[in-house]
Amino acid sequence: MKTLILLICLATGFETFAQTSSELFDKTKMEYKGSKIEQAKRLLRNVKMWGVIENKEPNIDLAFQNLLNSAPEISKEQLKNYLQRASITNNEICGNIDLPVSHILVNGNNVYAKYFVIHDMSTPAYENNFPENINSSTWSKNNLTSWNWPKGSEPSHSIVTRTGKSKTLNDFGLGWRATKFEKKIGVSCRGLFLHIELLQPRIYPPGNAVSAPVAPTPGFTDAQYQRLALLYICASIRKGEWLVPAFHVNIDEGLKDGHDDPQNFELDKFTSEVLRLIALIKTS
Ligand SMILES: [Zn+2]
């Protein structure tokens, strides 16, 4: 979230990624060019340290690609049953799934959120080493009460700790901006993107770097992927259509002071968890 770096795009020379994501955003349709799968392949490109976006298509599980192309097979009732059985409250999932997600206006018509943007918090930054307990409830940052922002300055809709706990910072029904792109595009897109921050500390490399680019390996815990998958399912079922997942770094591609997150994100863990959870919810 906070690590401001200059994005370096290695797209030159390859037809597929010859244009930045921002350049491929169609302001008349208020979406990126291409099918949902093509958009996901662009917006889920892996990012290395210092915000270097890999110049190749991400390997997206075929079953997840099929999911993106299909109508949701689970009902709100099934999801509600699952949430109740798992004792998960609306405060953990950005609000009541019966209510609509945020929207923008296009030619006087409501267009509901299309993109589910994954971030890492890039904080706290440590000098040399990570504390050994960052994935344990004994690390104070995994306590949700330690994260508070003044009303109106929250970084996203939700945060997810490394122990898989989440809280609503803003309801999915509220339009929120958390990228450079949304602020610079020149037309109002507040409401088109939903934002999730995954807790991830950083360390500084040797030398005098002004930002801390080094993320833990692995970048995130299984508990984080599980909760992120649930948030994705809740947002999509609320909308009635699968949202296109995206990484912050790809949304801000080509923009000055764009961000480098999420670091060390394992896409297959996220997509596998979404598919596993859907199968579980179907039996609820
Ligand atoms: Zn971010």
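Trainee: Let's start with helix α1, residues 36-43. Is it buried or exposed?

Mentor: This is a predicted model, so read everything here as computed from it. In helix α1, 6 of the 8 residues are buried, so the helix is largely enclosed by the rest of the structure.

Trainee: Which residues of α1 are buried?

Mentor: They are Lys36, Ile37, Gln39, Ala40, Arg42 and Leu43.

Trainee: And what covers the buried residues of α1?

Mentor: The cover includes the strands β3 (31-32), β8 (115-120) and β14 (244-247). Helices α2 (62-68) and α6 (248-251) are also among the covering elements.

Trainee: How many helices and strands are there in the protein chain?

Mentor: The chain has 7 helices and 14 strands.

Trainee: What percentage of the residues is buried?

Mentor: Buried residues make up 55% of the 284. The accessible surface is about 12500 Å², and 51% of that belongs to carbon and sulfur atoms.

Trainee: Staying with α3, at what angle do α3 and α5 pack?

Mentor: Helix α3 (residues 76-85) and helix α5 (residues 222-239) pack at about 150°, and their axes are 10 Å apart. The crossing is left-handed.

Trainee: Which residues make the contact?

Mentor: From α3, Lys76, Leu79, Tyr82 and Leu83 take part. The α5 side is made up of Leu230, Ile233, Cys234, Ile237 and Arg238. By class, that contact has 7 nonpolar and 2 charged residues, with no polar ones.

Trainee: Different topic. Where are the cis peptide bonds?

Mentor: One joins Thr123 and Pro124, with omega about 0°. Pro124 lies in the loop between β8 and β9 (125-126). Another runs from Asp261 to Pro262, where omega is near 5°. Pro262 belongs to the loop between α6 and α7 (267-282).

Trainee: Why point those out?

Mentor: Because most peptide bonds are trans, and likewise most residues other than glycine have a negative phi.

Trainee: So where is phi positive in a residue other than glycine?

Mentor: Asn264 is one of them, with phi near 55°. Asn264 is in the loop between α6 and α7. Trp50, not a glycine either, has a positive phi of about 65°. Its place is the loop between β4 (47-48) and β5 (52-53).

Trainee: How do Trp50 and Asn264 count in terms of accessibility?

Mentor: Trp50 has 33% relative accessibility, so it counts as partly exposed. Asn264, at 30%, also counts as partly exposed.

How values were computed. Residues are numbered from 1 along each chain as its sequence is written. This is a predicted model: local features need pLDDT of at least 70, side-chain atom pairs count only at pLDDT 80 or more; totals for chains, interfaces and linings use all residues. Side-chain values use heavy atoms; hydrogens and water are left out. Axes are lines fitted to C-alpha atoms, for helices over the stretch in contact, and angles run from 0 to 180 degrees between N-to-C directions. Helices (H or I, at least four residues) and strands (E, at least two) are DSSP runs, numbered from the N terminus. A crossing is left-handed if the near helix is turned anticlockwise from the far one by less than a right angle, and right-handed if clockwise. Contact means heavy atoms within 4.5 Å. Ala, Val, Leu, Ile, Met, Phe, Trp, Tyr, Cys and Pro count as nonpolar, Asp, Glu, Lys and Arg as charged, and the others, Gly among them, as polar. Buried means under 20% relative accessible area, exposed over 50%, partly exposed in between (1.4 Å probe, protein chains only). Accessible areas come from the Shrake-Rupley method with a 1.4 Å probe; for residues, only the protein chains shown count as cover.
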